[in-house]
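This report considers the strand pairing and the charged contacts of one protein model. The sequence and the structure are shown first.

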Amino acid sequence: MIPLSTKMRPDTLDYFVGQSHFMYPGSLLYNSIKNKTFDSAIFFGPSGTGKTTLARIIAKEMDAGFYEINASTTGTKELKEILDSAKLKFFGLQKQTTYVYVDEFHRWNKLQQDSLLAALEEGTIKFIGSTTENPYFAVNNAIISRVRNIYEFKRLETSDVLSILRRTILDKERGFGTLDIKYDEKALEVLADMSSGDARVALDTLGFIVDNLSEGSVIDLKIVGEAFQRQTTFYDKKEDKYNLLSALQKSVRGSDPDAAIHYLARLIEGGADIQMIGRRLMVMASEDIGMAYPSAISIVTSCVQAALMIGYPEARINLAQATILLASCPKSNRSNEALEKAMHDLKTRKIDDVPLHLKDSHYSGAKDRGIGLDYKYPHAYGGYVKQQYLPDNLYKEGVRYYEPTENGSEAAFKKFLEGLKNLK
């Protein structure tokens, strides 16, 4: 049986959904496809975001030869045959360019990737590579330099996934338009949200539900939860996930690890993705813990990165460690408050220029203008020397933005800074 996500794959730009940051009527990419001037490109981003779909649409719009291969199953020998065929078409009677789409391109080693170089330089092929990895790390520099356009595909918005699901239910040719599917609007919204921006997951889950729906049944929250094997109570109110994230942060800020882990559990059980939780944890590490335990941001970032690499269900272990750490360590928001005060001054008052001795003096003529002449290099004085750093008016007022607390490690920083003031 053909998966629903395959049957519903759009074959024209008009039906392509998402990636509006580079794909919209009038965008350079859109016009290059319509004008048949599209060149080679690399698509990177999560699964189910439209990389393969767009590659196929491009090949169709170009009216060109098209080969689609997967780097995990295709080796150098098969690629050579494709390139030889493309060369014959390009230099032969057809004078036709061939598009070669390589899915999971990062799986090829350096030698395999470099086998494309000659064909790219000669113009016998137009190359489209797709990868879930960052191409600047996973793709050879030689390929990067010859492929001008690199497009980052982002997870689809819930509204985009929802529009795909609605279209599928109404589509009489490839979808379920002839079946008179009954559904709760809220259930469809939850299905879209729980798919975490992956259209393939959303469509194949909908296909599974419809194929196994009892006669006369309605697609409701219970059925969607059963299909995902997750509770859907998290989605009973549209703002619930934000309420839970807020409760998580306030519990961490209040140094209550039991409450914090409770709200983390509710988020995970309710289907909140790792990125949503991870972003909030990393914000907390700087906003609420800050200089009281400066290592928190490094540890929490490592936990979130590990969670993203591992994925659910084990990722919850990493998230739990980060949450307990944040809730259990000393707190300080003074670094964030310092920035807020400085930003407020910039918006509400006139600030003098950067002092002359702090300006860049690494160019001819700077000394003639008095720039950099009076700067004292702290390392030449044992690590610290008194001099003015703030703009004149702020310096004369004795403005202070950062006011450290006595909490945790920040107490040591406070002692150090206060000690500097007493130095002659």
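## Basis for the sheet

Two strands are taken to pair if DSSP finds at least two bridges between them. The model discussed here is predicted.

## The parallel sheet

On that criterion, an open sheet of 5 strands is found, in the order β2-β3-β4-β1-β5 and with parallel pairing. Its edge strands are β2 (65-70) and β5 (149-152), each of which pairs on one side only. From one strand to the next, the twist averages 15 degrees.

Strand β4 (residues 125-131) is mostly covered, with 6 of its 7 residues buried. On one hand, β4 pairs with strand β1 (residues 41-44) in the parallel sense over 4 bridges, and isoleucine 42 stands opposite glycine 129 of β4. On the other, 5 bridges join β4 to strand β3 (residues 98-103), also in parallel; here tyrosine 99 has lysine 126 as its bridge partner. Strand β1 is in turn joined to β5 by 4 bridges, and the two run parallel.

## Salt bridges

The structure holds 18 salt bridges. One of them links lysine 126 to aspartate 39, with the closest N and O atoms 3.1 Å apart. Lysine 126 lies in strand β4 and aspartate 39 in the loop between α2 (28-34) and β1, so the pair ties together parts that are 87 residues apart in sequence. Both residues are partly exposed: lysine 126 has a relative accessible area of 22%, and aspartate 39 one of 27%.

Glutamate 121 and arginine 146 also meet through their side chains in a salt bridge (2.5 Å, N to O). Because glutamate 121 belongs to helix α6 (residues 117-122) and arginine 146 to helix α8 (residues 141-146), this pair ties together parts 25 residues apart in sequence. Glutamate 121 is exposed, at 53% relative accessible area, whereas arginine 146 counts as partly exposed at 34%.

## An exposed loop residue

Arginine 369 is placed in the loop between α18 (334-348) and α19 (392-397). Its relative accessible area is 57%, so arginine 369 is classed as exposed. Between arginine 369 and glycine 216 there are 153 residues of sequence separation and a C-alpha to C-alpha distance of 85 Å.

Conventions:
Residues numbered from 1 in each chain as written. Predicted model: local features only at pLDDT ≥ 70, side-chain atom pairs only at ≥ 80, totals over all residues. Heavy atoms only, no water. Buried < 20%, exposed > 50% of the residue type's maximum accessible area, 1.4 Å probe, protein only. Axes fitted to C-alpha atoms, helices over the stretch in contact; angles between N-to-C directions. Salt bridge = Lys/Arg side-chain N within 4 Å of Asp/Glu carboxyl O.
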